[in-house]
Amino acid sequence: MVAKSSGKAGDLGEAELKARLTGRPLFLRGLYLDETLHFNMNGDLVSQSPKGSFTLCGMFVDHVRVTKKTVELEGVRFGVHFEGEAAWDQQSTSFDRIQITPKKKHQLIVIDRQLVVIPKKKKEKAEKGAGKPAAPSAAAAGSSDEAETSSEPTSQNEGRGAPESATTTVAAVNGKELPPGATTLPAESTEHLRTALNKIFAPELDGKMVSEMPDYWQYFYQAQESHKWLEPTDQTLAHPGPGVNGPKLLKNVVPASNDFAQHGEVAGVASYKVILDPQGKILAVAVYRPIGFGLDENAVAAIEKSTFAGAVKDGKPVASVIDVAVNFRIYSKRTAATAPETAAAADTNASPVTGKPTLPGIYSTQAQSQPH
């Protein structure tokens, strides 16, 4: 037989899953974009789905359904839209959650449960009026559907964990193996489900999610976590201003919007810090003031395809850092020809960088000594 949820402390029955998941903003760690996703008991995707930005992979769970074989979660997906006018130290937490699942539709996530087989004890019938139990019937002795306990202890009730030797005992008594992936230990099945949920969902943008993001997002989040300005570590980098000619944006590759942003009416200006070598070649890009909804990824891709002229200081080419602003608009068939704009902004108030690098690559952080 298959064990049902016992409702005991530590179990992940329907009530426990509802309390844990419903009404709370979650993120899909795998960055999957499909509205229907199927995971195995280990939390690995067994269906097919394209991937996207983490800013398009939020989810609210509305309904939880637990069956013998699966856990089914229904809800809606949301996109993250950053508020560009927020103070720098609040950039990472100042955002709106905008539903991107179409109306009357839902996000469906199915997670396979590990099958739990609980062995039954063979019951002996007592003869009426006799002090001794009757011998087992031939039908009972020949049955292969119910597992005997033999000399090894087994689970007495549904939902309780059997000893570690239970699997061996059942196989020996029944003369056949358990179904693939099955267990006689309810606690093992519960732990599998707990592990799968932690692998599929993040309750927030935790360190693991950030560590798997592209560098340009890691620079942003690590600076935010440190409550410091995002600045290059190399103090020799020139900033646009007095005595510095350039750098300049020569050829602009326009970043595209996407259907999610258009349907959600997400528009605005985002900005990025770009480090250039003396010849104007891009060395690194960092998100500075994001917009979200998958648009920052488009902006960085476009910046990396653009052409810059390197800075010149005292008549010599020098490595430099420049702020690049990208304007995303809502468009229609009549306004599609009006493309988003990309512009290089002079960075005349940048502070000199001190201290050792604390971020990957050539970016680091600087204390908030002055506004930027």
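1. In which sense do strand β14 and β15 pair, and over how many bridges? Strand β14 (residues 311–313) and β15 pair in the antiparallel sense, over three bridges, where strands are DSSP runs of E of at least two residues, helices are runs of H or I of at least four, both numbered from the N terminus, and two strands pair if DSSP finds at least two bridges between them. Within this pairing, V312 stands opposite P317 in β15.

2. A word on the basis of this note: the model is predicted, so that local features need pLDDT of at least 70 and side-chain atom pairs count only at pLDDT 80 or more, while totals for chains, interfaces and linings use all residues. Residues are numbered from 1 along each chain as its sequence is written, and side-chain values use heavy atoms, with hydrogens and water left out.

3. The open sheet that holds these strands has three of them, in the order β9-β14-β15, with antiparallel pairing. Because β9 (244–245) and β15 (316–318) stand at the edges with a single partner strand each, one side of each is left without a neighbour in the sheet.

4. The structure holds 14 aromatic pairs; rings of Phe, Tyr and Trp (its six-membered ring) pair if their centres lie within 6.5 Å, and planes under 30 degrees apart count as stacked, over 60 as edge-to-face and the rest as tilted. F27 and F78 form an edge-to-face pair, 5.9 Å centre to centre with 70 degrees between the planes, and this pair links strand β1 to strand β4 (residues 70–82), 51 residues apart. F27 is buried, with a relative accessible area of 4%, and F78 counts as buried at 2% (buried means under 20% relative accessible area, exposed over 50%, partly exposed in between, with a 1.4 Å probe and protein chains only).

5. The rings of W88 and Y288 have their centres 4.8 Å apart and their planes at 20 degrees, so this pair is stacked. W88 lies in the loop between β4 and β5, whereas Y288 belongs to strand β12 (residues 282–289), 200 residues apart. W88 is buried at 3% relative accessibility, and Y288 is buried at 4%. Both W88 and Y288 are members of a cluster linked by ring pairs, which also includes F54, F82 and W217.

6. Y288 has a further contact to inspect: the charged end of K273 sits over its ring, 4.8 Å from the centre (a charge sits over a ring if NZ of Lys or CZ of Arg is within 6 Å of the ring centre and within 35 degrees of the ring normal).
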